[in-house]
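Here is a set of questions and answers for reading a structure step by step. Please look at the sequence and the 3D view before you go on.

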Amino acid sequence: SSKLRNLEVQNADDGTVLEDCIDFSLAKTISKTEEKLEKGGLPDCLDDDDDIIPSVGNEIGTEAQIRFLKAKLHVMREELDSVACECRKKDDENQNLKSRLKDVEEENTRLQRTISMQHSQTEKYKTLSQEANKKSEGLQQEVVALEKVLR
């Protein structure tokens with residue numbers, strides 16, 4: 001094939017290893033996918049770069065395709081585990097925030113009751129103060145009148 005250059009097939013413990021492909025490199029594809037994962041991004045399955053099997057896939061042999069698909073599956077499982085872990089973390093965070101919200105709402109209700117009680121006490125003391133001022137003014141007038149009588 002014109003797309004393959006120096007195709008070397010080696011038997012390894014885990015299957016056939018292809019090296020030196022022009023348009024397709026299993027190691028390169030896996031490392032690109034892993035880099036995307038490490039950067040926090042998920043590979044976009046709609047990109048032409050990230051086809052399940054690149055265009056060379058038809059020419060690389062069944063065993064290599066199987067190995068590639070297994071590697072792709074492994075990466076996708078890691079992505080799924082990562083997303084699931086993140087979802088669990090977000091769920092835990094949401095539960096914590098709901099709990100904090102409930103505590104804050106209870107505290108708010110308690111403080112509103114305290115404010116209401118203090119407001120009514122303030123009104124009561126204002127009334128008592130006004131009555132005391134009137135009584136004081138009356139007593140001062142009596143003192144003035146008594147002083148006039150004594151003079």
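Q: Which residue's side chain meets that of Arg110 in a salt bridge?
A: This is a predicted model, and a search of the whole structure finds one salt bridge. Side chains of opposite charge can pair when their charged atoms come close. Here the distance from N to O is 2.5 Å, which lies within the 4 Å cut-off for a salt bridge. The partner of Arg110 is Glu107.

Q: Where in the chain do Arg110 and Glu107 lie, and about how many helical turns separate them?
A: Both residues belong to helix α2, which covers residues 62-150. Because Arg110 and Glu107 are three residues apart in this helix, their separation is about one helical turn.

Q: Are Arg110 and Glu107 buried, exposed or partly exposed?
A: A residue is buried under 20% relative accessible area and exposed over 50%. Arg110 has a relative accessible area of 41%, while Glu107 has 36%, so each value falls between the two limits. Arg110 is therefore partly exposed, and Glu107 also counts as partly exposed.

Q: How many disulfides does the count come to?
A: A disulfide needs two cysteine sulfur atoms within 2.5 Å. The cysteine sulfur closest to that of Cys85 is in Cys87, at 9.4 Å, which is too far for a bond. Cys85 is partly exposed at 30% relative accessibility, and Cys87 is partly exposed with a relative accessible area of 42%. The number of disulfides is zero.

Q: What span does α2 reach from its first C-alpha to its last?
A: Helix α2 has 89 residues, and at 1.5 Å a residue the expected span is 132 Å.

Q: Which residues of α2 are buried, and what share of the chain do buried residues make up?
A: To count as buried, a residue must have under 20% relative accessible area. In α2 this holds for Ala64, Phe68, Ala71, Lys72, Val75 and Glu79. Over the 151 residues of the chain, the buried share is 14%.

Q: In what order do the elements of the chain run from the N terminus on?
A: The secondary structure of the chain comes to two helices and two strands. Read from the N terminus on, the order is β-β-α-α.

Q: Which element has the lowest mean pLDDT, and which the highest?
A: The chain as a whole has a mean pLDDT of 76, with 62% of its residues at 70 or more. Among the elements, strand β1, residues 4-12, has the lowest mean at 35, and the highest, 95, belongs to α2. Over residues 1-24 the pLDDT is below 50, although this stretch has 42 contacts in the model beyond near neighbours in sequence.

Key
Residues numbered from 1 in each chain as written. Predicted model: local features only at pLDDT ≥ 70, side-chain atom pairs only at ≥ 80, totals over all residues. Heavy atoms only, no water. Helix = DSSP H or I, 4+ residues; strand = E, 2+ residues; numbered from the N terminus. Buried < 20%, exposed > 50% of the residue type's maximum accessible area, 1.4 Å probe, protein only. Expected span 1.5 Å × (residues − 1). pLDDT = per-residue confidence, 0-100. Contact = heavy atoms within 4.5 Å.
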